[in-house]
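Here's a quick briefing to read alongside the model. Have the structure open and follow along.

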Amino acid sequence: MAIIYSYPTLTPQLGDKVLGSNIVDASGAAVTGNPTVQYTFTDIKTLVDQQFIEQFTASSTVASQGPGAANTVHQIEFGPANSTSTSVTIDVNGKVVWLKTGTYYVTQEYYLQGTQNNVLYSLFRTYDGSAQVGATHVENYKVQETADKTRVVINQMINITDAMVNGYHVYQMIRDSAGANDGTLYKIANNNTWTVTPSAQLTISKLI
């Protein structure tokens with residue numbers, strides 16, 4: 001094979017091809033041996049042009065929700081069920097079911113409140129029914145004022161493979177006994193005609 005720089009330089013066309021390694025298949029599963037394959041610039045452009053499209057936003061406007069005691073798991077709820085997406089749904093108990101393979105971006109947003117001078121040690125996680133998904137998110141601080149609320153935002157990138165289709169995720173919180181038996185999610189009732197700020201909100205987008 002000639003030295004690469006000895007080949008002529010041309011402007012690529014969409015029908016042209018390049019060599020590459022096939023690391024994962026269309027379902028996201030690993031490919032054995034990472035075989036060398038050809039890719040057209042048309043297919044590469046289609047891949048690069050993808051963007052995250054929101055599938056739904058779900059939110060709970062109940063006054064408050066949270067664990068009943070220290071070291072007790074609370075499954076977070078996000079309001080009414082939503083099945084408008086053909087890729088992912090959520091039920092009234094906050095259970096998210098993945099209907100299609102792909103890459104998803106998940107944003108959890110909460111407003112955490114405790115009692116003045118208490119030290120909160122609130123933990124948040126994603127759970128698939130048998131194991132935790134991703135890292136534990138920790139909120140550990142001393143509450144300065146009883147009415148103070150801390151905005152908690154947790155972002156996750158989730159890759160759903162064939163084996164995970166029709167599986168589910170739920171979102172949980174716990175009051176770790178390393179802190180006070182305190183820490184609850186509260187909605188914010190705004191003092192004007194604007195809508196309330198939810199205690200818990202979940203937004204899921206899919207790479208399309």
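Predicted model: local features only at pLDDT ≥ 70, side-chain atom pairs only at ≥ 80, totals over all residues.

A search of the whole structure turns up five aromatic pairs, and ring pairs join F78, Y110, F124 and Y171 into a cluster. On the surface, V18, I44, L47 and V48 make up a nonpolar patch.

**Aromatic pairs around F78**
- F78 pairs with Y110 in a tilted arrangement, with 6.2 Å centre to centre and 35 degrees between the planes.
- That pair links distant parts of the chain: F78 is in the loop between strand 5 (74-75) and strand 6 (88-90), while Y110 is in strand 8 (residues 102-113), 32 residues apart.
- Both F78 and Y110 are buried.
- F78 also pairs with Y171, this time edge-to-face, at 6.0 Å centre to centre and 85 degrees between the planes.
- Y171 belongs to strand 12 (residues 168-175) and F78 to the loop between strand 5 and strand 6, so this pair ties together parts 93 residues apart in sequence.
- Like F78, Y171 is buried.

**A charge over a ring**
- K95 puts its charged end over the ring of Y168, 4.4 Å from the ring's centre.

**The nonpolar surface patch**
- Together, V18, I44, L47 and V48 have about 330 Å² of accessible area.
- Helix 1 (residues 41-48) supplies the largest share of the patch, three residues.
- I44 lies in helix 1, and I44 is partly exposed, with a relative accessible area of 30%.

Conventions
Residues numbered from 1 in each chain as written. Heavy atoms only, no water. Patch = residues over 30% accessible without salt bridge, like charges linked within 9 Å, V, L, I, M, F, W, Y side chains within 5 Å. Areas by Shrake-Rupley, 256 points an atom, 1.4 Å probe, with all protein chains shown as cover. Salt bridge = Lys/Arg side-chain N within 4 Å of Asp/Glu carboxyl O. Helix = DSSP H or I, 4+ residues; strand = E, 2+ residues; numbered from the N terminus. Buried < 20%, exposed > 50% of the residue type's maximum accessible area, 1.4 Å probe, protein only. Phe/Tyr/Trp six-rings, centres within 6.5 Å; stacked < 30°, edge-to-face > 60°. Lys NZ or Arg CZ within 6 Å of the ring centre and 35° of its normal.
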